[in-house]
Amino acid sequence: MYKELEQKVAVVTGGSKGIGTAISQRFGEEKMKVVVNYHSDEEGAQEAVKAIEEAGGQAIAVEADVSTEEGIQTLIDKAIESFGQLDVWVNNAGMENQKSTHELSLEDWEKVINVNLTGVFLGTKAAINYFKEHDQQGSIINLSSVHEQIPWPTYAHYAASKGGVKLFTQTVAMEYAPQGIRINSIGPGAIRTPINAEKFDDPKQKEIVESMIPMARIGKPSEVAAAAAWLASDESSYVTGITLFVDGGMTLYPSFQGGKG
Ligand code: BGC
């Protein structure tokens, strides 16, 4: 637990499911005040709110499309209206779907890029403007992926969005470091969430994925949430522009395990 996080205000985009819910819940355990954003899953967002309150934090659920300026403005406005300030912004909302690149429509491409990359830009921009106006430091956390580094055939739009998040994070970190605004990414590997539940429920698929992870197991959303709490806290006060991989070693070229090659 990080004492200084108590009473701090966070916005978590895509907080109604998976890693977003786990981060929201962890922020609740840190006694923070959380705006849980959702797009379509109101029930999931309300469950996250309940979990935060039960853990000792405060929360509201807010519907907004993070790929639009209006959506992002709604989130800032609700944070201020309900909790009076903003300290931490988590760009978590994301989507993925599998399609061969020659069959990928412009619409498929734009959907993923709009949420995963444009959403990160808009959220970051709004948070930086708020921090600058209030002459305060702040922490921005982007949920990237191991696929900001590892190519992923049949997920070109997804990999492109995450590769974009990587250089966006590094660039913006450099740009606002003088003001003490920190921006970092988290790169989850294979984590059990609704985004990939179907895949991991199939024993064959699960085995294949586990063989690509040196720690030989699928990760838990709470293990990603722990990284978010650290990046939000003052314990990471000298850290900006990184991607913190939470992947059981997936980014370590696991096919070389045992001295192969
Ligand atoms: C994806 C998961 C995938 C993992 C490892 C993540 O970015 O969301 O579906 O299992 O990368 O490939």
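Contact here means heavy atoms within 4.5 Å. Helices (H or I, at least four residues) and strands (E, at least two) are DSSP runs, numbered from the N terminus. Axes are lines fitted to C-alpha atoms, for helices over the stretch in contact, and angles run from 0 to 180 degrees between N-to-C directions.

This is a predicted model, in which local features need pLDDT of at least 70, side-chain atom pairs count only at pLDDT 80 or more, and totals for chains, interfaces and linings use all residues. Residues are numbered from 1 along each chain as its sequence is written, and side-chain values use heavy atoms, without hydrogens and water.

**Sheet and helices**

Helix α1 (residues 18–29) lies across β1 (9–12), β2, β4 (88–91), β5 (138–143) and β6 (181–188). Helix α1 runs at about 170 degrees to β1.

Seven strands form an open, parallel sheet in the order β3-β2-β1-β4-β5-β6-β7. Two strands pair if DSSP finds at least two bridges between them. β3 (58–63) and β7 (243–246) are the edges; each has a single partner strand, so one side of each lacks a neighbour in the sheet. From one strand to the next, the twist averages 20 degrees.

β2 (residues 33–38) pairs with β3 in the parallel sense over six bridges. Y38 has E63 in β3 as its bridge partner. Helix α2 (residues 42–55) packs on the sheet and touches β2 and β3.

**Ligand site**

Residues around the ligand (a heavy atom within 4 Å) include W152, Y158, F200 and M250.

| Side chain | Distance to a ligand oxygen |
|---|---|
| E96 | 2.5 Å |
| H147 | 2.6 Å |
| N196 | 3.4 Å |

Taken alone, the ligand exposes 320 Å², and the protein buries 91% of that (Shrake-Rupley method, 1.4 Å probe).

Note on methods
A polar contact is a pair of N or O atoms within 3.5 Å; within protein, one must be able to donate a hydrogen and the other to accept it, and residues adjacent in sequence count only if both atoms are side-chain atoms.
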